[in-house]
Amino acid sequence: MHISKFFIRNFRNFESAQLNFSEGVNTIIGENGSGKTNLFYALRLMLDDTLPRYLKLTENDFSRQLSDWRGHWIILTLNFEALGFDDATQALSIHACGDVSNSNERNQTQGSYTLCFRPKRHVRQEIYDYSREVDKNKDGLQVLLDKITIDDYETVYLCKGSAQCSEDDFYDQYVGNFEEIIFPDPNQAGTQIYGVYLPRELNLYDEISCTFIKALRDVSSDLRSYSKNPLVGLLRGKDKKVEIGIQSDLVNSINELNENISKLEEVSTVQKGIDSSLKQAVGTTYAPNIEVRAELPNEMDKLLQSLKLWVGDSDNEHVGRLSELSLGGANLIFLSLKLYEYEKIKTDKVANLLLIEEPEAHIHTHIQKTLFDNLGRHEHKPQIFISTHSTQISSVSKISSINILSRLGNGSVVFNPTNGLEVNKIKRIERYLDAVRSDLLFAKGVVLVEGDAEQILLPVIFQKVFGLSLDEIGVSVINVGSTSFENIANIYHQQRVNRRCAILTDLDEAFIQLPSNPDSTHTTGQTKAKNSQKSGQERREKLEEFCSENDCIKTFYAKHTFEVDLISDENSNIFVPVLSEIYEETSLTAMESSKEKLESNDIEIQGTEVLRLAKKAGKGWFAIAVAEQVNEYVNIPEYILKAIAWASPHLDLASKVKSAEYRLNTRYELTHQDFVDGGELEYSDEWDWREELQNDEEFFMSNYQNELPEDPLTKLLSLYDF
């Protein structure tokens, strides 16, 4: 049995969310504050026996997106698959509740378990009665809601239901529509939807094992604890398997040792001193008789419990107490013990769940990849849930087993990267992902490029020109290399990862003169240019069709190629200095000739030369060398500005102001103090708005764009509405 889905309604970060899970390892990734910890807490409320069974929720547990929590419900629903046919698991079966929408066999293997934190019956009845009144209105409803306190709420556990509480239609029908003032009759059971009360004889804690491993947990303390130490669980009951003769010999030896310790002269001296002190204090009549005895355990179960792990790091022979081991090593040991405990002790459980919070906190990156890759292959594997920021872990996680949490306003949403994708497309994406490229799962927006030059130069140019890094604004530049754009861009979709993805590619339009008559004889260069131009047009048609029904993806084209479009936009000054690294001192004539071509106003001459140099030096190395020459005066081709604007609709006012200040302080060589004191820029005689920087940032940015219409930042910001 394993958890297949988790529906959340109105709990902390989540107003409405659905997470899809599979057997084996499931990875939950997300930025800080996206709700990973709250998600784990929701799971633990359902399954972790270390939390109180009827833990009282509070006002603060309701979704932050609700304007008023009163009257609303918190609903957490787990869906299970692969139920066994034993009584315990069949108690969860949807089939047992009478849902016959699917085959009997299918429903017998599917189950649900729901936690509802809802108003008590008398409150729901009062709201329902009001909703039936002819003159009902929102003000009247609000009067009823204002009377509700958290003490008017109850926690109930239900099973067998088929509801998907994340759906608005369900919530409106079975909880209530607060806008239309329509509420259900609390006397209508609706068992097929809500489910029925969990049978008293069924304790899920006895059937499901759930262990939560906190990010910064004190593993050494847990391994010393009788209740939490997996080693104790592994040893429990082993005393009965030790041969009677061996048990007897051990017990006799320990009894003899206890007696010898008690007879030590030093021990006897302490005993006599305590006895004398007592008698002096209370007299011989009332003073108790005392002895100091050794009490090493002489029962086999107690002896086994006294066993402790002694450990050492792998690169030396020293072995010591667990407290001497690194935090990462201690975490690895704890995880290994839990897995071995599941294998040997807890196989009678219907499900074994392991919740691991941010394991990268203490585990080296290379170990992360190996450990969690192997977890998925463990013979007696539990179902594992990992929350992480680590690209190492996400890169070895199947993308079909990943849920992405993302902040949206004052709440969070969940993205399922493979929702609705065909299996073959999922496999292509999974083959592509590695530790670097898995950035595309963490970024707020993505720009896909097809070459090393774009991957190297775009981030450098953007930072030099705007004073912001692409990382800072949450945009990742991903080089797809030989992989087609479609394979990766499929992740971005309204039903999967609902974030912007820009595709940057070349149209390969010929910049050399082609014969006007297509039947004329072509040179080798002309033939190659003509074929490239044809391929570019075919590529465009294919990508436009691919993007046509996907609001998350848009393609942007270099008219010719990246290098040609960049240098032809009056950027020869960042290419010319690289010539000294390509040519030796003995080739000064060749270098001067190349310089003249790069600075030519004829795109055929200029473009041919820059491509020749890139091929001669190697595109990657050439891009690195050019990147060292990039400055704030570089002109960024419009198609690149459009792609970045498309990928970053989330760009905030603070980032815009930071970039504007940077532009003023660098491009225009005006310090902040000069600006405040009345310094003037070349674009304007008077800037009356200059002092508004600290008072009204929106006013400041508006005037920046009005006064500097040709500035690159103004051009970039104008593209956010295109």
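Which residue in β5 does Leu 76 stand opposite? It is Leu 115, and that is where I'd like to start today, everyone.

A quick word on the model first. This is a predicted model, where local features need pLDDT of at least 70 and side-chain atom pairs count only at pLDDT 80 or more, while totals for chains, interfaces and linings use all residues. Residues are numbered from 1 along each chain as its sequence is written, and side-chain values use heavy atoms, with hydrogens and water left out.

So, the strands. Strands (E, at least two residues) and helices (H or I, at least four) are DSSP runs, numbered from the N terminus. Strands pair if DSSP finds at least two bridges between them. β4, residues 74-81, is joined to β5, residues 110-119, by eight bridges, and the two run antiparallel. β4 also runs antiparallel to β1, residues 2-11, with seven bridges; there, Arg 9 has Ile 75 of β4 as its bridge partner. Seven of the eight residues in β4 are buried, where buried means under 20% relative accessible area, exposed over 50% and partly exposed in between, with a 1.4 Å probe and protein chains only.

Rings of Phe, Tyr and Trp (its six-membered ring) pair if their centres lie within 6.5 Å; planes under 30 degrees apart are stacked, over 60 edge-to-face, and the rest tilted. The structure holds 13 such aromatic pairs. One of them, Phe 117 with Tyr 153, is stacked, at 5.0 Å centre to centre and 25 degrees between the planes. Because Phe 117 lies in β5 and Tyr 153 in strand β6 (residues 153-159), this pair ties together parts 36 residues apart in sequence. Phe 117 is buried at 0% relative accessible area, and Tyr 153 is buried too, at 2%.

Last stop, Trp 646. A charge sits over a ring if NZ of Lys or CZ of Arg is within 6 Å of the ring centre and within 35 degrees of the ring normal. Arg 500 lies over the face of Trp 646, 3.7 Å from the ring centre, and the charged end of Lys 554 sits over that ring at 5.7 Å. Thanks, everyone!
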